[in-house]
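Here is a short briefing on one protein chain. Look over the sequence and the fold, then read the points below.

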Amino acid sequence: MRLRIASSMTYTYADVVKQAHVQVRLAPAATGRQHVLVHPLLVEPTGWQVWYEDYWGTRVVELDVSEPHDSFSVALLSDVNIRPIERPHALDFSAISGETVSDSFSEFLSLNEITAPDTGQREAAATARATARDPRELVAALTSSIAQKAVGEVPVDAFSHAVIGSLRSVGVPARFVSGYRAPVGSIEAGITEDAEI
């Protein structure tokens with residue numbers, strides 16, 4: 001399936017600025033199932049640009065604008081080929097246990113002030129880990145448990161970080177990935193759909 005992703009945003013300053021340095025992380029990821037064909041990025045006002053991939057494999061554009069301006073606009077138009085989703089997963093917990101996993105995925109196992117689970121989330125994670133047959137079942141059970149105990153409307157990011165921290169607390173590598181969410185299964189050729197970020 002080929003998707004075309006169009007996005008634009010404008011930042012308006014309270015006053016005229018003489019110089020701006022901006023980092024843009026809007027390029028679709030090139031992965032085993034996602035091939036980026038083109039990704040032109042248009043900025044206004046224009047300035048010096050450099051592209052690189054950061055530590056996480058995210059394509060970054062650094063922009064330096066050194067002319068007076070009171071707004072800054074970025075627009076992109078990306079064409080992406082997507083292959084069907086293949087869901088390889090660990091058949092049991094042995095695949096995510098051991099020193100090689102804790103070494104290779106140390107960033108996805110450490111807890112910090114954003115991901116540290118509360119006592120209830122730690123207990124839910126330990127219970128779900130003890131009863132789940134495989135990591136995928138653990139994720140489903142833990143996500144459901146945290147959602148049921150949430151009070152009021154919880155921001156998606158906060159909910160995601162609670163699940164991530166709970167998984168990490170029982171030794172399951174997890175990370176937050178942000179991007180476009182489109183109803184891929186229901187998109188028809190030639191039809192335009194809005195996507196959430």
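A polar contact is a pair of N or O atoms within 3.5 Å; within protein, one must be able to donate a hydrogen and the other to accept it, and residues adjacent in sequence count only if both atoms are side-chain atoms. Helices (H or I, at least four residues) and strands (E, at least two) are DSSP runs, numbered from the N terminus. This is a predicted model: local features need pLDDT of at least 70, side-chain atom pairs count only at pLDDT 80 or more, and totals for chains, interfaces and linings use all residues. Residues are numbered from 1 along each chain as its sequence is written, and side-chain values use heavy atoms, with hydrogens and water left out.

**The chain as a whole**

- The chain holds four helices and seven strands.
- Read from the N terminus, the order of elements is β-β-β-β-β-β-β-α-α-α-α.
- Of the 197 residues, 31% are buried (buried means under 20% relative accessible area, exposed over 50%, partly exposed in between, with a 1.4 Å probe and protein chains only).
- Take the contacts (heavy atoms within 4.5 Å) with a separation of 6 or more: 70% of them join residues 24 or more positions apart.

**Helix 2**

- At its start, a side-chain oxygen of Asp118 comes to within 3.1 Å of the backbone nitrogen of Gly120.
- Helix 2 covers residues 119–131, and its 13 residues should span 18 Å at 1.5 Å a residue; the end C-alpha atoms lie 19 Å apart, which agrees. The expected span is 1.5 Å times one less than the number of residues.
- Which residues of helix 2 are buried? They are Gln121, Ala124, Ala125 and Ala128.
- These residues sit on the same side of helix 2, because they cover an arc of only 100° around the axis. The arc is that of the directions from the helix axis to the C-beta atoms.
- An α-helix has 3.6 residues a turn, so residues three or four places apart point the same way.
- Thr119, Glu123, Thr127 and Ala130 are exposed on the other side of helix 2.
- The cover over the buried residues of helix 2 includes helix 3 (135–149) and helix 4 (156–169).

**Helix 4**

- Helix 4 has 14 residues and reaches 20 Å from first C-alpha to last, close to the 20 Å expected.
- Its buried residues include Ser160, Val163, Ile164 and Leu167.
- The buried residues of helix 4 pack against helix 2 and helix 3.
- Gly171 follows helix 4 and has a positive phi, near 80°.

**Glu62, a buried charge**

- Glu62 belongs to strand 6 (residues 59–65).
- Glu62 is buried but has no salt bridge (a side-chain nitrogen of Lys or Arg within 4 Å of a carboxyl oxygen of Asp or Glu).
- Its nearest side chain of opposite charge is Arg25, 6.7 Å away. Lys and Arg count as positive and Asp and Glu as negative, while His and the chain ends are not counted.
- The side chain of Glu62 does make polar contacts with the side chains of Gln23, at 3.1 Å, and Tyr52, at 2.8 Å.

**Two more places to look**

- The peptide bond from Glu44 to Pro45 is cis, with omega near 5°. Pro45 is in the loop between strand 4 (41–44) and strand 5 (48–53).
- Val101 lies in helix 1 (residues 99–104). Its relative accessibility is 10%, so Val101 counts as buried.
- Val101 and Pro173 are 72 residues apart along the chain, yet their C-alpha atoms are separated by 8.3 Å.
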